[in-house]
Amino acid sequence: MARYSEEQIRALGLAREALPKHVAIIMDGNGRWAKQRRLPRSAGHRAGVDRLRGIIRMSSDLGVASLTLYAFSTENWRRPSDEVGTLMALLIEYFTKEIDELFANGVRIRIIGAYEDFAAPVRAVIERAMKRTEANTGLNLNIALNYGSRAEILRAANLAMRQALAEGKREITADMLEACLYTAGQPEVDLLIRTSGEQRASNFLLYQISYAEFLFPAEYWPDFSDEAYLAALRAYGRRSRRFGGLEEDA
């Protein structure tokens, strides 16, 4: 649901036609942000959750079609149990506190990943949020929970193969596979942002980021301000996306 006018978008140094349709963010650096301030890691995670509001609202107001946030990976289960417990509690708190505003802004919440493995209270609040916003037509907010891209691709391949066999086919097509991804029906990722300066994809949306532009801002996630996000979008707008072809004037 685009709320900014063309004039407002230009005033931000952006052009609507140069905005990404799908932004994916690896929200990295919460723990290091807390350590830098001699705070417990839980304080970093809370600060990271607080930063979500501005980024989601900015994406919605600019008319970005999809925003995918890497919130909890399949590898995060290896962290200390108290830290995992903190993350689960913050998930419940976030969905409980923010759902009214997200709904009012037309945001549609989708969870990608095997969230069914979470405890019943976490599953319940997640499912209520998805159910309440399922008819919204604004920003697709994909939150990756218990997510790993290799697992997603394997799951999609198995689902597509079952479909192929049921239809008497011996092979699956790209269209069949893509229809079984968690992000089916959404644009491919145009821009991948990983905060904290780390430069790796960490098993995130490996299929969907095949032609994405990558940006690695140095800020830890809690410090990734609205202005830093706008700077990333401006940088994306200056990129030349050729998809294997040549510049038009080359």
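## Packing of helices 4 and 5

Helix 4 (residues 81-104) packs against helix 5 (residues 120-133) at an angle of about 15°, and their axes lie 9 Å apart. This description refers to a predicted model. Because angles under 35 degrees count as roughly parallel, the two helices are roughly parallel to each other. Helix 4 passes helix 5 in a left-handed crossing.

On the side of helix 4, the contact is formed by Met88, Leu91, Ile92, Phe95, Thr96, Ile99, Asp100 and Phe103. Helix 5 contributes Pro121, Val122, Val125, Ile126, Ala129, Arg132 and Thr133. Sorted by class, the contact of helix 4 with helix 5 comprises eleven nonpolar, two polar and two charged residues.

Six strands form an open sheet in the order 3-4-2-1-5-6, and their pairing is parallel. Strand 3 (108-112) and strand 6 (213-215) stand at the edges; each has a single partner strand, so one side of each lacks a neighbour in the sheet. On average, neighbouring strands of this sheet are turned by 20° against each other, direction ignored.

Within the sheet, strand 2 (residues 66-73) runs parallel to strand 4 (residues 140-147), and seven bridges join them. Phe72 stands opposite Leu145 in strand 4.

## Helices lying across the strands

Helix 3 (residues 41-62) lies across strand 1 (22-26), strand 2 and strand 4, and runs at about 155° to strand 2.

Helix 8 (residues 226-238) lies across strand 1, strand 2, strand 5 (191-194) and strand 6. Relative to strand 5, helix 8 runs at about 140°.

Definitions and conventions:
Residues numbered from 1 in each chain as written. Predicted model: local features only at pLDDT ≥ 70, side-chain atom pairs only at ≥ 80, totals over all residues. Heavy atoms only, no water. Axes fitted to C-alpha atoms, helices over the stretch in contact; angles between N-to-C directions. Helix = DSSP H or I, 4+ residues; strand = E, 2+ residues; numbered from the N terminus. Parallel < 35°, antiparallel > 145°, perpendicular 65-115°, else oblique. Left-handed = near helix turned anticlockwise from the far one by under 90°. Contact = heavy atoms within 4.5 Å. Nonpolar A, V, L, I, M, F, W, Y, C, P; charged D, E, K, R; others polar. Pairing = 2+ DSSP bridges.
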